[in-house]
Amino acid sequence: MTQPSLYVFPEYFELHPLSEEDVPGVLDGSDAGTGERFMVVDTRAHRSCYLANPVIKSYLELFRQPRAEAAALEELARQAACSPEAIATTVRAFFLRMRRAGLLRSEGADLREEPNQALTPGQVLGEYRVGELIVEKADVALHHARQLGTGMPVVLKVFVLQGPRADRERELFAREFSLMAGLAPHENICRLLSFHPGEPCYAALEYAGGKPIRHGTAEATLSLPERVRIGAEALTALAHLHRHGVLHGDVHSRNFMLTDERRVKLIDFGLSRRSGDAVEASSVPHGGLPAFMPPERIEPGKLSISSRPGDMRSEVFQLGVLLHDILTGREPFAEKVLWRRLAQAIRSQPAPRAVWTPEGERIPAALADVVECALAKAPEERFPSAMELLEAWRAAWPRTARPVRAKERACL
Ligand SMILES: Nc1ncnc2c1ncn2[C@@H]1O[C@H](COP(=O)(O)OP(=O)(O)O)[C@@H](O)[C@H]1O
Ligand SMILES: [Mg+2]
């Protein structure tokens with residue numbers, strides 16, 4: 001049997017030079033004196049970041065071109081001017097750890113050999129024909145699929161984790177869809193089509209488009225009214241949740257998708273919970289994308305990004321970051337790639353004012369004021385929920401206000 005090739009997805013990783021100023025203490029130990037140091041940011045999982053020394057960095061660089069373990073071992077032995085046998089045990093243990101951390105993956109068709117890989121394109125699962133893999137993580141794989149008969153495009157979110165953590169994680173996975181099932185339908189929220197608790201355990205979701213709002217608004221040439229409308233749709237989705245006492249839990253620009261018609265669909269209810277429910281607040285993990293972290297959720301002096309749960313005002317802050325990005329094409333604190341600097345900026349520096357769209361249109365002061373208020377450092381100075389934020393947005397740009405259709409009114 002040929003050995004599977006391993007590789008890292010280049011787009012999943014960013015390598016940043018790291019100084020002691022960024023993580024005092026962390027680098028003072030055995031790593032001291034090795035010269036260049038790096039942090040590997042895993043942008044795929046959004047939440048993980050790994051500290052890596054030059055050795056790990058060189059290993060990852062090696063796998064930017066897919067290659068078999070044996071070939072990589074030979075290359076490393078050549079670099080170290082020794083025989084592969086001399087370093088085989090240590091290097092294989094390293095490869096294994098990198099695979100477990102999700103830093104290394106098997107290539108293409110070899111993915112089927114991964115124990116967690118659940119579905120194969122072309123296979124029929126329930127009433128769906130499985131299509132291409134969208135993304136695969138340690139616990140969940142997302143696939144394009146089509147409903148048999150109708151051909152309707154859907155997305156299958158499949159639970160693939162095995163091992164000791166599987167039961168607890170499966171419960172959290174199922175929670176996501178029981179919460180979605182309880183939501184009143186809304187045109188800007190991705191619809192749950194069905195949930196299948198068996199083996200494999202999976203959910204079928206309305207296809208919400210191929211682009212997250214981040215890419216959709218960065219790549220296209222959009223007029224100011226179009227940017228304002230997209231912002232209003234994102235706010236409408238969150239206002240709908242807040243009106244029903246639900247926190248999304250993971251508000252950022254990759255959890256809003258844009259359909260081909262540039263309509264907004266909110267996805268990913270993995271961290272959602274009922275607002276004010278103490279039991280849920282303690283049992284549901286609190287996550288989030290670092291650049292969207294509200295100041296009150298940042299523990300001073302910690303590298304952790306998710307130590308405190310948020311409330312509706314925390315999500316208003318996150319929506320402020322999103323609106324800033326939609327209007328200007330930039331997240332307010334985005335250039336601070338290292339967590340420590342990012343956290344400091346979010347806690348203490350005012351967000352830059354939204355003045356120009358990427359196309360060079362001037363952003364009206366009334367809209368910039370709304371974004372600024374949403375981004376206030378103190379939660380009590382922000383809009384109390386997405387409902388008030390949406391109202392202010394529409395008042396600042398009355399052209400986004402449109403009559404509520406009877407069908408929608410029934411859902412409000
Ligand atoms: N309904 C959907 N339609 C289209 N793409 C989707 C849909 N749901 C998820 N995706 C894609 O899969 C990615 C991961 O899904 P998500 O539910 O956000 O899980 P995660 O918890 O990994 O962030 C999304 O960023 C998006 O690109
Ligand atoms: Mg997501």
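Helices here are DSSP runs of H or I with at least four residues, strands are DSSP runs of E with at least two, and both are numbered from the N terminus. This is a predicted model, where local features need pLDDT of at least 70, side-chain atom pairs count only at pLDDT 80 or more, and totals for chains, interfaces and linings use all residues. Residues are numbered from 1 along each chain as its sequence is written, while chains are lettered from A and ligands numbered from 1 in the order in which they are written.

**Whole chain**

Start zoomed out: the protein chain holds 12 helices and 17 strands. Color by burial and 34% of the 412 residues come up as buried. A residue is buried if 20 or more other C-beta atoms (placed from the backbone) lie within 10 Å of its own, exposed if 12 or fewer, and partly exposed in between.

**The six-stranded sheet**

Next, select the open sheet that runs β7-β8-β9-β10-β12-β11, with antiparallel pairing. Its edge strands are β7 (124–125) and β11 (192–196), each pairing on one side only. Pairing takes at least two bridges found by DSSP between the two strands.

Begin at the β7 end. β7 and β8 are antiparallel and share 2 bridges; Leu 125 has Tyr 128 in β8 as its bridge partner. Stay in strand β8 and pick Val 135. Is Val 135 buried or partly exposed? Val 135 counts as partly exposed, because it has 13 C-beta neighbours inside 10 Å.

Lys 157 leads you into β10, where Leu 142 stands opposite it. Strand β9 (residues 140–147) pairs with β10 in the antiparallel sense over 7 bridges. The two form a hairpin with 5 residues between them, and Gly 149 in the turn has a positive phi of about 90°.

Select β10 (residues 153–159) by itself and you'll see a mostly covered strand, with 6 of its 7 residues buried. On to β12, which β10 meets in antiparallel fashion through 5 bridges; look for Val 158 and its bridge partner in β12, Tyr 202.

**Ligand 1**

Center on ligand 1 and show the 18 residues around it; Val 155, Leu 205, Ala 208, Ile 267 and Asp 268 come nearest. To be near, a residue needs its C-beta atom, placed from the backbone, within 6 Å. β8 (128–136) and β12 (202–206) are the elements that give two or more residues to this shell. Where does ligand 1 sit relative to the domains? Domain 2 (124–206) and domain 3 (211–408) both give residues to the shell, so ligand 1 lies between them. The domain bounds come from an automatic or database domain assignment.

**The three-stranded sheet**

Last stop: the open antiparallel sheet β13-β15-β16, edged by β13 (211–212) and β16 (264–266). Zoom in on Pro 212, which stands opposite Met 257 in β15. Finally, show helix α6 (residues 224–243), lying across β15 and β16 at about 30° to β16.

Key:
Contact = placed C-beta atoms within 7 Å. Axes fitted to C-alpha atoms, helices over the stretch in contact; angles between N-to-C directions.
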